[in-house]
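This report goes through a number of local features of one protein chain. Please keep the sequence and the structure at hand while reading.

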Amino acid sequence: MLLHDTALIFGRYARQTLRSRFQILFGILMPLLYLLFFGPLLTELPLGGDTDSWQVLVPGLLLQLGLFGASFAGFGLIIDKSTGVVERMRVTPVSRAALLLGRVLRDALLFMFQAVLLVLVAVLMGLRAPLPGVLIGFAFVGLLTVSLASLSYALAMRVSTPQEFGPVINALTMPAMLLSGLMLPMTLGPKWLDVLSHFTPFRYLVDAVRDAYAGTYASAHLLYGVLVALGFAALAVTVGTGVFRKAGA
């Protein structure tokens with residue numbers, strides 16, 4: 001029943017997304033602008049290691065796509081609550097966990113599609129990365145989306161208005177972006193900042209995807225990134241489904 005109900009909810013929100021080209025295309029706008037206008041500034045800079053600037057920047061932009069897109073996914077649930085959609089779903093026999101998982105699966109596929117578009121543009125601009133590394137990057141985007149979308153929906157169930165939701169998300173995502181090294185490796189900064197960044201789980205994901213794009217598949221960075229991504233996803237989905245069950249959404 002969980003799989004059936006999840007597919008049912010996923011289908012509803014997938015059809016809703018397919019009818020909104022604005023949501024599909026403009027969700028990729030910010031990382032695409034970084035790629036077009038920030039990427040060329042890095043081509044001649046020594047960023048450390050044997051990788052070129054595109055292998056440093058593109059993995060960060062992929063995870064930025066998941067970080068900001070999935071973190072704000074809860075806005076849609078707040079709208080559903082205000083229009084009575086959640087209330088109508090509450091009286092159906094559908095699994096409460098499926099109400100979360102169906103939405104999260106839609107988000108994961110949407111952001112992975114946008115990630116593919118971003119990589120294609122990056123290839124046109126000069127990115128050269130092995131195919132297995134690119135596929136690993138997509139997997140990390142999917143796991144990050146599952147994690148953050150689950151937590152975003154959990155928060156959306158706890159608040160009543162977008163005015164409550166937005167500031168909390170901004171307060172969490174901005175430090176995460178600055179400390180994870182999405183734009184530039186944290187090793188380029190002062191030692192204290194590099195050490196502080198290791199307390200941010202996103203740092204391990206960024207380092208892992210950069211190693212994958214460089215073709216380094218047996219590195220400690222990749223191992224730590226996989227462990228952190230899987231653990232974070234398991235924790236986030238557990239928290240999210242718990243909130244949905246308690247709320248009876």
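## Alanine 233 in helix H12

Alanine 233 lies in helix H12, which covers residues 220–247. The model is a predicted one. With a relative accessible area of 8%, alanine 233 is buried, because buried means under 20%.

Leaving out residues up to four places away in sequence, alanine 233 touches Leu143 and Ser147. Serine 147 is 86 residues from alanine 233 along the chain, yet their C-alpha atoms are separated by 4.4 Å.

## Leucine 205 in helix H11

Helix H11 runs through residues 201–213, and leucine 205 is part of helix H11. The relative accessibility of leucine 205 is 3%, so leucine 205 counts as buried.

Which residues does leucine 205 touch, not counting those up to four places away in sequence? They are Leu63, Phe140, Leu144, Gly225, Val228 and Ala229. Gly225, Val228 and Ala229 fall within the range 220–247 of helix H12. Threonine 161 is 44 residues from leucine 205 along the chain, and the C-alpha atoms of the two are separated by 32 Å.

Side chains of opposite charge can pair when their charged atoms come close. A search of the whole structure finds four salt bridges.

Arginine 203 takes part in a salt bridge with aspartate 207, where the closest N and O atoms are 2.7 Å apart. Both residues belong to helix H11, and because they are four residues apart there, about one helical turn separates them. Arginine 203 and aspartate 207 are both buried.

In the salt bridge between aspartate 194 and arginine 203, the closest N and O atoms are 2.8 Å apart. Are these two partners buried or exposed? Aspartate 194 has 11% relative accessibility and therefore counts as buried. Arginine 203, at 5% relative accessibility, counts as buried as well.

## The pair of arginine 103 and aspartate 80

Another salt bridge brings together the side chains of arginine 103 and aspartate 80, at 3.5 Å from N to O. This pair links distant parts of the chain: arginine 103 sits in helix H7 and aspartate 80 in helix H5 (residues 74–82), 23 residues apart. Both arginine 103 and aspartate 80 are buried.

For aspartate 80, the relative accessible area is 9%, so this residue is buried. Apart from neighbours within four places in sequence, aspartate 80 is in contact with Tyr13, Val85, Val86 and Arg103.

## Leucine 99 in helix H7

Helix H7 spans residues 96–125 and includes leucine 99. Leucine 99 has 0% relative accessibility and so counts as buried. Between leucine 99 and proline 190 there are 44 Å in space, C-alpha to C-alpha, and the two are 91 residues apart in sequence.

## Helices H8 and H9

Two packed helices are described by the angle between their axes and the distance between the axes. Helix H8 is made of residues 131–158 and helix H9 of residues 162–180; their axes come within 9 Å and cross at roughly 145°. The crossing of H8 and H9 is right-handed.

Which residues make the contact between H8 and H9? From H8 they are Ser152, Leu155 and Ala156, and from H9 they are Phe165, Val168 and Ile169.

The surface carries a nonpolar patch of about 720 Å², made by Phe22, Leu25, Phe26, Leu29, Leu33, Leu36 and Phe37. The elements that give two or more residues to the nonpolar patch are helix H2 (21–26) and helix H3 (29–37). H3 provides the largest share, four residues.

One of the patch residues is Leu33, which is found in helix H3. The relative accessibility of leucine 33 is 37%, so leucine 33 counts as partly exposed. Residues qualify for such a patch only with over 30% relative accessible area.

Key
Residues are numbered from 1 along each chain as its sequence is written. This is a predicted model: local features need pLDDT of at least 70, side-chain atom pairs count only at pLDDT 80 or more; totals for chains, interfaces and linings use all residues. Side-chain values use heavy atoms; hydrogens and water are left out. Patches are made of residues with over 30% relative accessible area and no salt bridge: like charges are joined within 9 Å, nonpolar side chains (Val, Leu, Ile, Met, Phe, Trp, Tyr) within 5 Å. Accessible areas come from the Shrake-Rupley method with a 1.4 Å probe; for residues, only the protein chains shown count as cover. Buried means under 20% relative accessible area, exposed over 50%, partly exposed in between (1.4 Å probe, protein chains only). Axes are lines fitted to C-alpha atoms, for helices over the stretch in contact, and angles run from 0 to 180 degrees between N-to-C directions. A crossing is left-handed if the near helix is turned anticlockwise from the far one by less than a right angle, and right-handed if clockwise. Contact means heavy atoms within 4.5 Å.
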